[in-house]
Amino acid sequence: MASEYSSLAHALTEALVDLAWFIDRADDEQMDLDDAVTALEGMAAALKHLSGDQRRDLLVVLGGMTEAEADPARREFLEAFPQDFGLVDE
């Protein structure tokens, strides 16, 4: 993770993705499954309220994060993030 961010959008996108990654990867001992689903659904619902410009900005940051990611599992998570969180049309 970068120590300085180019924008607030970049910093918040990294934080959101890190939180979603943690929740997605948490096992039953770390987090209740129902709570995890509720949290991820809440994120997706909030992201649906972004304006078109905000959505594009988020997708640009996610694209850069995906390109820079060396961990194959996290890269796959990042590639699926826009679809999984309703940022792009199916």
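**Close-up views of a predicted model**

View 1. Thr66 lies in helix H3, and a polar atom of its side chain is found 2.8 Å from the backbone oxygen of Leu62. When residues up to four places away in sequence are not counted, Thr66 touches Arg75, Leu78 and Glu79.

**View 2. The packing of helix H3 against helix H4.** Two packed helices are described by the angle between their axes and the distance between the axes. Helix H3, which covers residues 52-68, packs with helix H4, residues 72-84, at an angle of about 160°, and the two axes are 9 Å apart. That angle makes H3 roughly antiparallel to H4, because angles over 145 degrees count as roughly antiparallel. The crossing in which H3 passes H4 is left-handed.

**View 3. The residues where H3 and H4 meet.** From H3, the residues Leu59, Leu62, Met65, Thr66 and Glu67 meet Arg74, Arg75, Leu78, Glu79, Phe81 and Pro82 of H4.

**View 4. Leu33, an exposed residue of helix H2.** Leu33 lies in helix H2, which spans residues 33-47, and Leu33 is exposed, with a relative accessible area of 55%, a value over the 50% that marks an exposed residue. Between the C-alpha atoms of Leu33 and Ala15, which are 18 residues apart along the chain, the separation is 21 Å.

Terms used:
Residues are numbered from 1 along each chain as its sequence is written. This is a predicted model: local features need pLDDT of at least 70, side-chain atom pairs count only at pLDDT 80 or more; totals for chains, interfaces and linings use all residues. Side-chain values use heavy atoms; hydrogens and water are left out. Axes are lines fitted to C-alpha atoms, for helices over the stretch in contact, and angles run from 0 to 180 degrees between N-to-C directions. Helices (H or I, at least four residues) and strands (E, at least two) are DSSP runs, numbered from the N terminus. Angles under 35 degrees count as roughly parallel, over 145 as roughly antiparallel, 65 to 115 as roughly perpendicular and the rest as oblique. A crossing is left-handed if the near helix is turned anticlockwise from the far one by less than a right angle, and right-handed if clockwise. Contact means heavy atoms within 4.5 Å. A polar contact is a pair of N or O atoms within 3.5 Å; within protein, one must be able to donate a hydrogen and the other to accept it, and residues adjacent in sequence count only if both atoms are side-chain atoms. Buried means under 20% relative accessible area, exposed over 50%, partly exposed in between (1.4 Å probe, protein chains only).
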